[in-house]
Amino acid sequence: MRRWTSIAAVAALSAGALSAVAFGAAGPATAAKKAEPIYLNAKYSPVERATDLVSRMTIAEKAAQMDSSRPPAISRLGVAAWGWWNESNHGVNALTLTPKGNATTLTNTTSYPSDLSLGSTWNRNLVYQEAGQIGDEARDVAPFNTENLDFYAPTVNLTRDPRWGRNDESWSEDPTLTAALASQYVDGLQGQTQNGVLPKSADGYYKAIATLKHYAANNSEVNRRDGTSNMDQRTLREYYTAQFASIINQSHPGSIMSSYNEVNGVPAAASVQLMDTLARQTFGFNGYFTSDCDAIYEIQAGHHYQPPQASAPLDQYGRTAFANSAGEDLDCNAGYADQYNYGNTIPTALGQHIQTATDVYNQGDVDTSVVRLFTARIETGEFDGEGSVPWVQAARTRLGGKTWVDSDANNAETETPDRLAQARQSADQSITLLNNNKTTKANGKPGAKLLPLKVPSTGAYKIAVMGYFAHPSGGLFLGGYSSIQGPSGQTHNVDTYQGLKSAVQAINPDATVDFLPGVTGGTTASTLTTVDQNSINAAKNYDAVVVVAGTDNTTSSEDHDRSTLDLPGAQSSMISQAEAANPNTVVYLETVGQVNLGSLQQSSPALLWSSYNGQEQGNAIADVLLGKVNPSGHLPFDWYSSDSNLPAITDYTIRPTATTQGRTYQYYTGPVSYPFGYGQSYSKFGYSDITLNRNAVTADGTITVKAKVKNNGTQAGSTVPQLYVTTPFEPASAQRPIKRLEGFQRVTLNPGQAKTVTFKVKASQLAFFNEKANKYVVDPGRYGLQVSSSSAASDVQLHTAVKISGRISQTPTVLTAKPIETGDKARQVAQRVMVDINTTINPQLTVSMNDQTLYGYVTKGQSKPLPAGLKVSYTSDRSKVVRITKQNAIKAVGSGIATVTATVRYHGGSATTSFTVDVAPLQITSDAAATFPVGTAASYTVTTTAMPTAKLRESGSLPAGITFTDNGDGTATIASTGAAPAGTYPVIITAKNGVSRTVREAFVITVAAPASTTTSH
């Protein structure tokens, strides 16, 4: 509530509230009044409001707003200090709560299963529901429920190497699966529908802002900050950026985080190709870019980057200029920092006129970035009344009028029953059943399958739960980017032993459930070095044994890859010995990713896996083991038989080479323990009746595949029919994938129930990137279509084929603009927001076609003429500011803010974009008050932004000893000789340049006792 008081005060000041302070001598009473600032007027678009706000800032203020940790408040404009570095990978876990340094890890917020666990659910709806809960909790814990609403999640790097230290943070090894799920995370967190648009109930405001990370090709911790990820353009487009492109198209995330690493020798934080050419111009991203936390520093410190335009490696000013001009809007300036950041280098860098890859670094680059940042803030409702932002009201209702505090004193109040239920449901669906074999009876004959466990309702029954991670004395390991669970939060944590004991004894109060340590030596995975023989000896005396083995942050983490996929410590030996002691042994692996199984794949009668599974992990595994939940997880990666078959983790090639076997189910030619998409159930599912809408289509056509799925089991269950596409007609030299996932559906069926699933695939989706043509091309031929239960050839349930011919007919899909004005090309200005009056605006349009061909302006030296026959039209929302002539020229004709909408039409398709300019802005940028001490000479500088330069005058009653002087350069000096008597002297300062709208500011001069100090600029 304090937040809005501040803004209201500024609005009142702007409207001339100070006119009540004896302005009679200053002229007419209306002299102090002016219209409400555009940036506080919700009738304008967010980008128009942001443009107006930015026009009121000095260069130093703009630069300071471009640091993440954290931009200071600008009290005269009602701008709050805003922390950009906030985290919510699998639950809200960190906020920027201090003026400097890293984000603060929060206490007692809900911890859901890790993203890799969610990846194994293959459930779009589930992800959306969970992300919506995360977004709600983000609003609950955000300062005043209105600030710090940007979150650095989701991580969408692909799990192309299981040794990567952060595999638990990502969704899968496949771009299609990752995009399908992570786009739902974005939708849920931002408060959108599952189609990526805000519902009417949001009143135009986002719940929070999602940030896709880490862009791009950044999943080897060993060299993540100073290494280069090298690959051909086909690999970059088809694999490492494909999921980003799809999520941008589907869900419109508000932000993207560039990564630390170089891609093909260029730091991602300074890559024009990644941030501008691909993300913005080709994929259609229209939010802001943030660096990873201190990726801009690493341009200099880690990469020692010397671009072709520079005569030496970049210094602190050069790194700023190259990053910002390439499209890096925000400097996450905490983490691995030196003393430099955007805030303290941009003013100097502008003065050095640094030649960058796109331009001579200039204020247009800065303005463009700051407008993007404040557009995002305005879209969350920061500058509007609390009552008009539904997300604020909802949060305060949930909190019951209380303010959330970051300590255990919060009593874990945001870990609500609904959120914990969601955590349990997500964990339930993430668990993947790998093995479920029949047991062997005492007479040597096969018995029933081990799972689900058959617990009698009465009588003696004994279960042992074995392994450190079944009941960890150090508390649950919840994965990277987890909140701190204080005593209040820990009451909501359920480990496997606790969950299973509670569930078993709910069925049979007489049952015995014991915990056996299994391994000893320490309280982390790496220190569990000794098998506990007492546990093994005791295991044979139980009806069933559930062994839990796992990994933690001593196995892998941010900055720490795995050197081996072996289970840490003596856990593999514990499993083998437990199985030998008791044939009714169930093994549950809760790990960062896949592990080397060795003989366990064959020896374990019941084997289950998930990644780190959240606070409700114990209840979830109990649900599955006892049959309350039918397991439905499917692997989001190929489970390689051994890590010895993998290339070096720093090798970013995907396709096989003369010395490597490739990566992921698409290209890997070596043995796997379990294939991508694999997962068993307690039910059996049958597939039949595959149909195809047509046997042949053109490259512009759509393929529709239908198939019937039936539950042939005795228990309701869910399965995931998967559609793969193959190219059997391709020669080996084309290096096409073995197959590609092109669709999937999760279906839930009762016993005996059947359902028809439908997959629609545009033929253009099956194109490959042609490096020579620099576009996507559909290869003509007969494509295989497989309806499967996994990517394995043995799991293909139904198949058919379709012939595809012809070329993709180009139609526009993305249109972008970089407006400049007359003379900017000669000045090497590549973009601007503020334009001169009576000039022609060149929108520098870029058109991306549906085959990702770019036309028009791309970047310096890379333009390509628009194709013949493409039609361009423009409209302006304020023709008195920007007018479109009959010749389709864009003219700046009056002072003010206007938005120009451009539309291109070609081959029956169209694309639209808009850009906002501020024509001849004139703003007084200094504070509206100055204080002078009695008896001491001092001065104060009034500053403006204007094109052209403004003249300044004051009207009012200045006392003897105080003078006002226009300096002729857009500034004025208020000087005190020290002779003025103590008192308060209100005046009006008027700025006028003959072009812009005249600006009048109510200004208060105070002459105070000597103890006061002078405010000077």
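Modeller: I start with the helix, then step back to the chain and the other parts. This is a predicted model, where local features need pLDDT of at least 70, side-chain atom pairs count only at pLDDT 80 or more, and totals for chains, interfaces and linings use all residues. Residues are numbered from 1 along each chain as its sequence is written, and side-chain values use heavy atoms, without hydrogens or water.

My pick is helix α11, residues 316-326. Eleven of its eleven residues are buried, so the rest of the structure largely encloses it. Buried means under 20% relative accessible area; exposed is over 50%, and partly exposed lies in between (1.4 Å probe, protein chains only). The buried residues of α11 include Tyr-317, Arg-319, Phe-322 and Asn-324. Gly-318, Ala-323 and Ser-325 of α11 are buried too. What covers them? The cover includes α9 (272-282) and α10 (295-301). It also includes α12 (342-351) and α13 (363-379).

Now the whole chain. It has 23 helices and 52 strands. These are DSSP runs, numbered from the N terminus: helices are H or I with at least four residues, strands E with at least two. Of the 1017 residues, 61% count as buried. The C-alpha atoms fill a box of roughly 110 × 65 × 55 Å along the principal axes. Take contacts (heavy atoms within 4.5 Å) between residues at least 6 apart in sequence: 72% join residues at least 24 apart.

Next, the helix pair. Helix α5 (residues 124-141) packs against helix α14 (residues 390-399) at about 80°, with the axes 9 Å apart. The two are therefore roughly perpendicular. From α5, Asp-136, Arg-139 and Asp-140 make the contact. From α14 come Trp-391, Val-392, Ala-395, Arg-398 and Leu-399. Axes are lines fitted to C-alpha atoms, for helices over the stretch in contact, and angles run from 0 to 180 degrees between N-to-C directions. Under 35 degrees is roughly parallel, over 145 roughly antiparallel, 65 to 115 roughly perpendicular, the rest oblique.

Last, the sheet. Five strands form an open, mixed sheet in the order β23-β33-β32-β26-β27. Strands pair if DSSP finds at least two bridges between them. β23 (696-698) and β27 (740-744) are the edges; each has a single partner strand, so one side of each lacks a neighbour in the sheet. Neighbouring strands are turned by 30° on average, direction ignored. Strand β26 (residues 722-726) runs antiparallel to β27, joined by four bridges. Tyr-724 stands opposite Leu-741 in β27.
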